[in-house]
Amino acid sequence: MEKKEIPYKIYLEERELPRAWYNLRADMKKKPAPLLNPATGKPITEEELEPIFCRELARQELNDTDRFIPIPDEIVDFYKMYRPSPLVRAYCLEKKLGTPAKIYYKFEGNNTSGSHKLNSAIAQAYYAKEQGLVGVTTETGAGQWGTALSMACSYFGLDCKVFMVKCSYEQKPHRREVMRTYGADVTPSPSLLTEVGRKINAEFPGTTGSLGCAISEAVEAATTREGYRYVLGSVLSQVMLHQSIIGLETKAALDKYGVKADIVIGCAGGGSNLGGLIAPFMGEKISGKADYQIIAVEPASCPTLTRGKYLYDFCDTGRVCPLAKMYTLGSGFMPAPNHAGGLRYHGMSSTLSELYDEGLMEARAVKQTDVFAAAEYFARIEGILPAPESAHAIKVAMDEAIKCRETGEAKTIVFCLTGTGYFDMVSYGKYHDGVMSDYVPTDDEIAASLSKTPKLP
Ligand SMILES: *Cc1c(COP(=O)(O)O)cnc(C)c1O
């Protein structure tokens, strides 16, 4: 067979855009542990989720049997505006590193929200609209999710209330204005608008907030309003399901040119881009069809997989959400104000937690200044200014490519470049001025936070 020449950027054609999401849980031999109702300690039901989540999303959340879930046409039409996204061969980076490795990145920063978050935002807004709701509430850390959801809500004519982690709100005023351009209502969290926000402010005066506490506020804002539901941009199984579009496209693009990945890498905040990217690769790994080395990369300041514990915990600081069994640092964990806001969450997707616990994937924690060094190196060579979150994956992809230089192995490395960093210039500035810290929590701090996880029978 004649070998097709592999283009610099692999674009799938529009007709190759996946028409169904892949639900990896259906293929897992050991399923992720069920969500529990905090009041009863029993597995939560669809009916119990419905006051918080949209009906169809509650159904998807609990579905661990259907392998493929069709993507509604309205969502496919929206996807067509910015998908399929390119899979880019990082030739210039390879050359500069002098590595025999082949490096590919899936670029998800190709839309106004600047990240992969739009893939799930549009799906969640669609199901809210379909149910006849007035609007949705949510939290945002770095601001990418809030932006993505604002875009999706304005597309479907829904109201959107965003609680933004206070340190990001102050660091990124332009993010807030993008959200308001799309008609969203943006409040810094913890705020004085909700009961839980007032409580957290009283307990931790001057706190710069956390995702866990913004989630509690958003849930309260949804459940105390008629016609509103809460939506979340990461961690949940439904989000990982929607993000499987990343992995399906990546796999299809590689398969089209007969390229086999050896190492698949993603940054991990709540686990949605990583879970989405690896889904089809992990499916093959579980069935024994092919083997892949899969690596989650997290910040050393919020080391959920590498230093957390695998147990049932609350998903939010205010303890109003269902309990999830996951790797966690404790729902009260307040990470140092690091500059990858999207990776500051205390827990991890229950699916990825289970896969990690079974040894099917690895995790690495990296220091902030090393991440920004990798970000800058990449920006100067590959022409994309990466989001600090994405740069975690770049850092480890570069580490692996350098290892190949030493061993002479020509491995194929694939990572997800989740987004662009134009709204992170204050952070880049701190790095350039040499005033960025590398705070790493002590064992005592983590143990203290973990001691407050719920005691279950
Ligand atoms: C939110 C975000 C992440 C982390 O979220 P996951 O759910 O772990 O994927 C990574 N990169 C960017 C650009 C983000 O906006």
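This is a predicted model: local features need pLDDT of at least 70, side-chain atom pairs count only at pLDDT 80 or more; totals for chains, interfaces and linings use all residues.

Colleague: Okay, how many residues surround the ligand?
Modeller: There are 18, each with a heavy atom within 4 Å of the ligand. The closest are Lys117, Ser234, Gly269, Ser272 and Thr418.

Colleague: What is 2.5 Å from an oxygen atom of the ligand?
Modeller: That's a polar side-chain atom of Ser234. A side-chain N or O atom of Lys117 is 2.6 Å from a ligand oxygen, and one of Thr418 is 2.7 Å from a ligand nitrogen. A polar contact here is a pair of N or O atoms within 3.5 Å.

Colleague: And how much of the ligand does the protein bury?
Modeller: Alone, the ligand exposes 390 Å², and the protein buries 98% of that; the areas come from the Shrake-Rupley method with a 1.4 Å probe.

Colleague: Switching topic, how is the chain divided?
Modeller: Into domain 1 (36-68 + 115-230) and domain 2 (83-113 + 243-444), with bounds from an automatic or database domain assignment. Their centres, taken over C-alpha atoms, are 23 Å apart.

Colleague: Where does the ligand lie relative to them?
Modeller: Between them, because domain 1 and domain 2 both give residues to its shell.

Colleague: How many residues of each domain are in contact?
Modeller: 34 of domain 1 with 37 of domain 2, counting heavy atoms within 4.5 Å as contact.

Notes. Residues are numbered from 1 along each chain as its sequence is written. Side-chain values use heavy atoms; hydrogens and water are left out. A polar contact is a pair of N or O atoms within 3.5 Å; within protein, one must be able to donate a hydrogen and the other to accept it, and residues adjacent in sequence count only if both atoms are side-chain atoms.
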